[in-house]
Structures are given as C-alpha cells and as structure tokens.
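Open the model in your viewer and keep the selection tool at hand.

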Amino acid sequence: MSTEESSAVDDVSIAAGVSVERPWALLVLAGFWGWLGSRWINDFLLPDSIAVSSERSFVPVDPVAAAAETLGSVAAALGPVGAPVDVVASLVGFVAGSLPHLPALARGAWLTLLLTVAGIGFGFVLAVPLSVGRVYGGRWLRWLSLSYTELIRGTPLLAQLFVLYFGLPLTQVIRELPGVGAGPLPAQAFWVAVVGFTLNSAAYQAEYIRSALESVDAGQLTAARAVGLSRLEGIRYVVLPQGLRYAIPGWSNELIYLIKYSSLAAFITVRELFFRAEAIANDTFRYTELFLLAALFYLALVLSASVVMGWVEERSSVPGVGGRR
Amino acid sequence: MVQTGDWVFVLSNADTLLFGLVVTVMLTLTSLSVGFLLGFPAGAVEVYGDGVLRRVVTVAGGLLRGTPIVVILLVLFFVVSISESAFITATVGLGLRSAAYQAQLFRGALQSVDDGQLEAARATGMGKLQAIRHVVVPQALRRSMPGFQNEFTIVLKDTSIAFAIGLAELLTQGYNLFTQSGRSTAVLEVFLVISAVYFVLTFLTNRGLDRVSDYYAIPAGENR
Amino acid sequence: MTLLRIDDVYQSYEAEQVLQGVSFDMQQGDVDVLMGPSGSGKSTMLRCINRLTEVDSGDIWLGDTHVTAPETDVNELRQDVGMVFQDFNLFAHLTALENITLGLKRVKGIHAEQARERARDHLDQVGLGDQTDAYPAELSGGQKQRVGIARALAMEPKLMLFDEPTSALDPELVGDVVAVMQDLAAGGMTMLVVSHEMGFARSAADDIHFLDNGQIVESGPPEQLFEQPEQDRTAGFLSGLQADGPQ
C-alpha cells in the first residue's frame, strides 16, 4: 500500500484565522475553555451546596429569552428598517435557545476530551514500538507491524468499533472490572471506545512516526554506532529524538482527526458530545440549534488543538530539526 | 462463539451485503467527484486568488475540515434538508468534506511546482492563465497522486458514516442484518466479513491508483 | 608496537569484490594515508576496522583485540576506534557539547558534570571552545567536522579513522580541519586517513598506501610515492591528483 503522506499540516487554525497574530481569536478560545472548565468543576467537583445545579446554565435563560422577544418586536415595529435588529434578535434568540442545553453538552464534551486524550496517548505508546519494529526489525517483526497497520488503516473506524462492541464479548469483560460505571469512572461502552480508538490511532501514528524515522539521515545512526552506542541506544538517543520532531505535523493531524471522529463513539452508546446533541435534538426538535452548537464545540476543540500543536512544534524545535520553515 | 451456522447466515444474505457494497462504491465515486470539482478550483483560488473570494474559500475549507463528518451529514439532512434522499445528502456531505481536503492537497501540489516553471512559461510570452494551465497544472496533478490515493481511501471508509442517516450502504446493511433478523450470534461474522470487504476495496484501489500514477509519472531520469 | 594489523582481508558487496586481499600493518603513533580512485575500497577498508562493515575473510587485529572474531564485542571495540565521516554526521538535535557528552555519558558511563568538562576540553582542543551551545545547523562545514573530530577523540580511542574528512568542505574551510589533523598527528595519535589532501599526506604521513580495485598496488613513504613511484598506476593516479591544483 502506498504511504499516506501527511507532509501538509492540516492547518485548520490558519484557515480560521486563529493564530498568535490574532489575539482576539485566541481570547474567544480562552473564553470557551474558561466556561467549559468552570462547568466541569461545577458539575463534577463542587459539592451540591455551592454548585449551580447541573441541569441549569450559569446564565439564567428567562432574561435572555425576554430580551430576544423584545428585540424581535422592536424589529417588527421598525418595519424593513429593522432588518439588522432582527438579525440581532435571532442571535439572541439562538443564545436563549441554546442556554438550557449547554450543561449537558459540556458533560458530553468531557467524554469527548477523555476519549481523544486516551486514544492518542495509549495509541502513541503502542505506535512507537510498532514503527521502530517496522523500520529496524527483522523480517517477522516488520511483517507483523505492517499487517497490523494495513489492516486497521484499510477498514473504517466505525466498523472496528462495531466489531469491538457488538461482535466481541468485550463489554461483558469490562463490566466485571472493579470500579467501572461507579463514580467518576465511565461505564463499559466508554472503555470499549477507548480500546477502539487506541488500536486505530496506533496504526495511523505508526505510519507518521515510521515515515519520520525514515527521513532521519542514515548517517546519524552510523555515527552513533561508531561512537560505541548499541543499535537500540542509537535509535533511542539519536534517531527517535529527531524522528519524533519530524512526526509532529502528522501528530497534529491525528489529534484533529481523533477529536472529530470521537463522535462515532455515539454509535456504541457513549454519551459524548455528539450523542448528547443528537439526543437533545430528537427530544426538542431543535435540530438547527443543537447541531450548530455541536459544530461550534467541535470547531473550538479543533482550533485549540491546532494552536497547542503549533506551540508544541515551536517549543520542541531545535535549529535544523523541526519547527515551521 | 464462532459457529458454522453464523457463516452460512452471512452467505445466504450475501445479496443484501452486495447491494450495500454497490451503494458504498457509488457513494465513494460520486463524493470524490464532487470533491474534485469543488476542491481543485478551491485549491487554485487559495494559491492564485486574492480578496474576498480567497477569504471565503479559506474559511469555508477550515470550517468543513474542523467539523466531524457525522455533524455535517446530520446538518445537511435535518437542518438544511438538502434532499429526502439519503444518498444525495451523503454525496453532498462527503463531497464538501472531500472538497475541503482536496483543496489543501492541490494547494500544496500547486505550490510545490517551482516558481521558475511559471517564469519560464511567461518568458515565452504565455499569459498567466495559460501558463498555469499548460505548465503548472499538469505537474501539480501528478504530484498530487499520493495525496489523492490517500483521500480516496478516506472517503471510501467515511461512507460507513452514512449509517447515521440510514443510507443502505455496506455497514448499515450489516448492522440491519443482525439487528432485524434477530440472529445476534452472527454479529462477529457479519462485521468481520464487512471489514474484509472494505480491506479488499482499499487494497485494490491503492494498487489501481498506483498503476495510474506510474502510467502518468514523469520519468525521473538517470542523470543525477 | 604493532597497533593495527590487516591480514589478507576480502570483502564483497552484492556481486562486486570490493577488497581483494588487503594486508598492511600500522605501528603505534603511525599516520598512514589511503589513496586511490573512487570505488577502490578505501572507505570500506576503514569501515571493516570498526566493523560497520563485515569482512568476508581475513583478519584484523587492533592491539590484542581480534577485531574480526565474531565473539568480539562490537560496541566495546568502537570505543577504541574513533571515526570521522565525510558527511560529518553530527547528531542534529544536540548542541556541539552534547554531541560529545552523549558517548561519554551513555557508553562510558561518565557523570554529567565530568562529561561536560571533558567535552569542553576537547572542543577547546579543536578551536571551538566558544561554540559549545551551537547546534550543527548553525555551524559551518569546517566547524562541523572539527566537532566530529572532537567527538571521536573524546572517547579516547587507540586509533582514529578519517573517511575523506575534507571532501565535503569548501576550499577555504579545509585548512582549519587539516591543521587539527596535523596537530593530532604531531601529538602521537595513530591515524588512518582516506583523503585526497596531498598537503597533509606529504607533511604528516609515515606511509601512503595506494589502493586500486580492492588491492594495495604500492605502499611507501610520501617521498617514494610522490617522487619515485615504483608502479605506473601509482604515478598515473598521483599525477592526475596533482594536476587538479593545490589542495
């Protein structure tokens, strides 16, 4: 199979105009995380006596709804001149309509975050040996690594999740584990999703890391060996530090991919962001609000990831290795 | 857990799965085409355009790339209500997403063609558009082959997400098979077979596109 | 004392015979130069000595160590043999200082502070004491090669191998590197150098071996090879070198 070249960084953030040069955009993101963070602290950590009820938004709905109505009637009274006021009225109305659902969506976003972080983290732990085995291993190791990555990358993530959730008795096994579903630990479907995302992400990350390792000049390992380092030491201290830096753009792509595709966990009953949005939409028939909200949430997450990965790339780069050209 | 009866069940429903397979392939082809028809001009605009048009294309692309495909599909189906047909909705949704990614692909490929090529073309008296069309684009298209292969398999796998709007593609057919027929023991076999079909599809596609790529490749030359 | 003994070494790559029965000795403190047309096997000979390449047959002895014996620990051997590469091969992600301390810390197990001391001394020795924190990408070719030499020296090898150390350098940078090599030679280091640098060969070499097609055609001190070569092939090659102008 041909390599999935990912030399082009998926610069969603540049597209959306978010960068260090546009501080107001960064401020919006900061505001988003500020609100999200306080929502989580409120719902999960604060004792009931101080906390705002986890069913109610921070900002009371009624005043906002009333404002929307007032603006609406003003716009109507002004006739055709009132068009801009009407736009503002719809926006305020949108906010009023969204407010009651924000807490639930925030709880969903928490699971989305967990899924993404777990998927990419555990996936990385699995991907490094996979790619090292593929580049430096003997015939069997190379074949094993290649088969794994090709199989996973050649089948849809949703099908993999279905196999794990419906096809294997994983749910039964996980349910028996201590602590699952109790207190802060999510229920078994979540863990099945984590397994699925880990296995999937490992295959894609292995490809990025592999091509990055291969782009490290062969002379680097030769020099390391000539100094007396063993093969493993040479790989660990000389090739990997460079290879991992080259892999950062691919890694950013993978992070953004996981944020978006974590939505598929909804189909195996994980109550993450998309699941919540769809559930509320089906209940209230307010499809527009809910899906627009969902889209905004995901965009905020993706943009934040882009910004963070850009920062990581800058910080880890060394003159001559990594960093934006 | 794995019983022969279940495999027989899968075999006897091969026609349903086959129907799903056809839908999957059709959807892939239509979405990719939409993606190309919108994506290539978009990429060109990002490289050569300016002003409002460029800004619009850039932002739209960013939005489409930052939103999960499942959300795009549901918005198109329930909010914008493009069509009652799940197939058309899915084509538009997957097509738009693909267009956004193909725009990036072609942008990169167009930019990677050395500026000197364009200069040389203009030096012979060609107009800018002409030069781009006859000198830059052919080279850029060849350079985008690996990325395009990548995009092909991505769209192919993403067709499975049309599950969300009930389109009768391959994965949905499999899901319906085991839920509706009550034959829940056959779950593993059904999904394994479906996964195998996807795998074969992606494998064949990559091989096929490798051939196409080789056929059109510019010879690298011996003089290094 | 005989430090290096090469005994009838054969080496082939795919279908091609690269080394065809090469034999020569080096005494401790000797500075020998390997010369010859490209493809004659000079680099391969060097790489056989630190087993970056394996010989097909023949023996190599470094002091008491039987280099080519399978049971010999390759990593330990390489601590005794320093290598300087044509393409420098500096560790791109480490500073000049760290390039040197890596081997000291990981291979020799020296503590960080002591390793840094030693590394600084070696960088001073090659004239780069002020570049300890520079990354390879920030250094000129000549500076990179000198760091490469310092890196090899820091391991305190018995023998230093130089594989065309100046071939990748712009002419004006060559002088600095050659000066370092001459200092080393004067200081008594045993050096085996593959190079076209005739100036160095003339002034510092004890013996020059002319290699062609995997065999030593002629060996002898510089005066002999340059003034009165015994073989026609030697004369032909060397006059071609000299015709390229001062190097």
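A residue is called buried if 20 or more other C-beta atoms lie within 10 Å of its own, exposed if 12 or fewer, and partly exposed in between, with C-beta atoms placed from the backbone. Helices (H or I, at least four residues) and strands (E, at least two) are DSSP runs numbered from the N terminus. This is a predicted model, in which local features need pLDDT of at least 70 and side-chain atom pairs count only at pLDDT 80 or more, while totals for chains, interfaces and linings use all residues. Residues are numbered from 1 along each chain as its sequence is written, and chains are lettered from A and ligands numbered from 1 in the order in which they are written.

Select helix H7 (residues 157-167) of chain A: 10 of its 11 residues are buried, so the helix is largely enclosed by the rest of the structure. Among the buried ones are A:Leu161, A:Phe162, A:Tyr165 and A:Phe166. Next show its cover, which includes H8 (170-176), H9 (188-214) and H12 (248-261) of chain A, and H9 (170-180) and H10 of chain B.

Now select the contact of chains A and B (two residues are in contact if their C-beta atoms, placed from the backbone, lie within 7 Å). Chain B brings 38 residues and chain A 35. H10(B) contributes the most to the chain B side, with 12 residues.

Move to chain C, where 22 residues are in contact with 20 residues of chain A. Helices H2 (74-80) and H3 (96-106) of chain C each supply at least two residues of that chain C side.

Finally, select chains B and C: no contact joins them, and their closest C-alpha atoms lie 17 Å apart.
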